Amino acid sequence: MNENKIKIAIIGGGVAGISAAVELCSKNIQFCLFEQRTNLGGRASCFFDKESSETIDNGQHLISCAYHNFLDTLSKLGTEKYFFRQNGLLVPFLEKIEINKNNFKINKFLLNTSTLSGKAGKVLGLLNLKSLNFHSKINIIKLFIKFQNKSFKVENKRVIDFLKEQKQTDNAINYFWEPVVLATLNASVQNSSSLLLAEVLKRAFFVDSKSSALLFPSIGLSEYYANFESIINKNKSKLFLNRRIIQIVPKKIGFELLCSDGSKFEADYVISAIPPYSLMKILPTEIIKNSFFDEMKNYKYSPILSIYLWYEKEIYSEMFCALLGSRFHWLFNRNAYVKRKNTLFSYTLTTSFADDLINLNQTELSNIINEELCIFLKTKEKLKFVKIIKERRATLLITPEIEDKRYRNESIIPGLFLAGDWTATRLPATIEGAAQSGVEAAKMISLEIR
């Protein structure tokens with residue numbers, strides 16, 4: 001008997017692969033998971049930073065209570081409780097306005113939907129948002145009402161075109177829609193898909209008041225998967241860390257998987273939970289010549305820049321804020337929600353769709369940081385440590401054209417299923433999209449083998 005003969009192989013130990021594995025465990029279906037790194041989580045993991053002597057995530061993540069698939073996966077792992085949870089959506093804004101050359105003022109305003117429960121809280125939150133004029137508020141509320149009408153159909157077009165079509169003012173676009181789109185779609189209103197915006201609003205804003213609230217990880221992201229190995233061991237499944245799959249060879253029945261250490265495995269089914277550019281590297285050349293893979297070859301990606309900062313003194317006391325008029329989009333105060341032993345004060349600046357910043361070096365970025373924080377926070381406190389994390393291919397850039405052509409879980413190769421935030425989830429490329437795709441791929445396989 002071939003000891004390396006397995007029923008199901010999962011390639012990739014990121015959120016998609018973890019969620020697929022946990023779903024299979026819930027159905028008592030055995031599998032083997034192969035991850036090329038020494039830890040789980042992929043782009044949602046953490047590492048120890050030697051300079052600051054602190055564990056940090058490999059990028060600051062904004063997580064919503066509407067991430068039901070991801071939170072369900074963590075619930076099965078017993079770690080969903082390790083978040084700081086808002087009672088309702090509460091977003092502070094800081095806006096930089098130039099009065100004259102090198103002279104700025106900062107406007108402060110707050111989006112707070114927690115004053116009243118349900119839809120009334122969201123309406124009141126918008127009405128109290130000082131950055132919006134009355135006409136803009138009314139038009140946003142009218143569009144919200146349309147979204148909740150089941151007969152209202154959103155066409156797949158650029159968000160900016162959709163918003164203009166729906167009579168959204170420049171004031172509303174600049175102060176409300178652009179921050180929402182950047183935070184949720186990791187793209188600008190100029191190139192993102194209106195279908196994704198509609199789905200995000202449906203799941204996060206129009207279900208219940210809790211779904212719109214934000215979650216802040218109080219532990220390192222990798223720690224959320226701490227119970228994974230013990231759970232799959234109970235399921236008589238196996239985890240292979242530091243084991244890279246270098247080739248998938250489809251056979252008449254099933255697949256042969258070749259690992260970088262020379263070992264080989266045979267599998268009846270494979271869930272590929274890796275990015276499309278990685279998948280194409282391990283499939284045989286004659287297979288990726290098939291027109292099915294053409295779209296993958298043309299994918300473009302949106303970079304995310306996360307900059308961790310450490311100071312000897314406190315520079316900002318709120319939990320986080322959105323920055324308007326800045327080259328950075330968000331400022332997070334890690335002291336407010338992360339369980340830390342470090343006595344230094346720690347913050348994170350993040351920028352979605354960071355094409356303008358991603359190629360700058362540390363000196364250039366540090367100069368911009370000092371300049372921006374001096375203006376926004378009136379601080380000249382010197383940085384003690386800085387850690388810059390550049391994810392050049394953080395998320396798939398999902399334009400309206402790409403949204404129409406995203407890949408479903410099933411591939412043209414019998415038994416090969418696709419999972420990842422880039423697949424056709426109807427969601428932007430987020431942690432939730434990755435989790436949902438992994439769960440759906442696992443469910444498809446479970447139906448086939450039963």
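**Exercise 1. Determine what covers the buried residues of helix 7.**

Solution. Begin with the terms: helices (H or I, at least four residues) and strands (E, at least two) are DSSP runs, numbered from the N terminus. Buried means under 20% relative accessible area, exposed over 50%, and partly exposed in between (1.4 Å probe, protein chains only). The model is predicted: local features need pLDDT of at least 70, side-chain atom pairs count only at pLDDT 80 or more, and totals for chains, interfaces and linings use all residues. Residues are numbered from 1 along each chain as its sequence is written, and side-chain values use heavy atoms, with hydrogens and water left out.

Step 1. The buried residues of helix 7 are S194, L196, L197, A198, E199, V200, L201, R203 and A204.

Step 2. Contact means heavy atoms within 4.5 Å. The cover over these buried residues includes strand 5 (63-64), helix 4 (134-147) and helix 5 (159-165). It also includes helix 6 (170-185), helix 13 (400-403) and helix 14 (431-449).

Step 3. Nine of the eleven residues of helix 7 (residues 194-204) are buried, so this helix is largely enclosed by the rest of the structure.

**Exercise 2. Describe the surroundings of S272.**

Solution. Step 1. S272 lies in strand 13.

Step 2. The relative accessible area of S272 is 0%, so S272 is buried.

Step 3. Leaving aside residues up to four places away in sequence, S272 touches I11, L279, L416, F417, L418 and A419.

**Exercise 3. Examine the salt bridges of the chain and the exposure of their partners.**

Solution. Step 1. A salt bridge is a side-chain nitrogen of Lys or Arg within 4 Å of a carboxyl oxygen of Asp or Glu. By this rule the count comes to 20 salt bridges.

Step 2. D268 and K7 meet through their side chains in a salt bridge, with 3.6 Å from N to O. This pair links distant parts of the chain: D268 is in strand 13 (residues 264-272) and K7 is in strand 1 (residues 5-11), 261 residues apart. D268, at 22% relative accessibility, counts as partly exposed. K7 also counts as partly exposed, at 43%.

Step 3. In the salt bridge of K157 with E155, the closest N and O atoms are 3.6 Å apart. K157 has 17% relative accessibility and therefore counts as buried, whereas E155 has a relative accessible area of 53% and is exposed.

Step 4. In the salt bridge of K164 with D170, the closest N and O atoms are 2.6 Å apart. K164 is partly exposed at 44%, and D170 is partly exposed at 47%.

Step 5. A network of salt bridges links E23, K27, D72 and K76.

**Exercise 4. Characterise the fold of the whole chain.**

Solution. Step 1. The secondary structure comprises 14 helices and 19 strands. The radius of gyration (taken over C-alpha atoms) is 23 Å, close to the 22 Å that the globule rule gives for 450 residues, so the chain is as compact as a globular protein of that length. The globule rule is 2.2 Å times the number of residues to the power 0.38.

Step 2. Along the principal axes, the C-alpha atoms fill a box of roughly 75 × 55 × 40 Å.

Step 3. Of the 450 residues, 58% count as buried.

Step 4. Among contacts between residues at least 6 apart in sequence, 67% join residues at least 24 apart.
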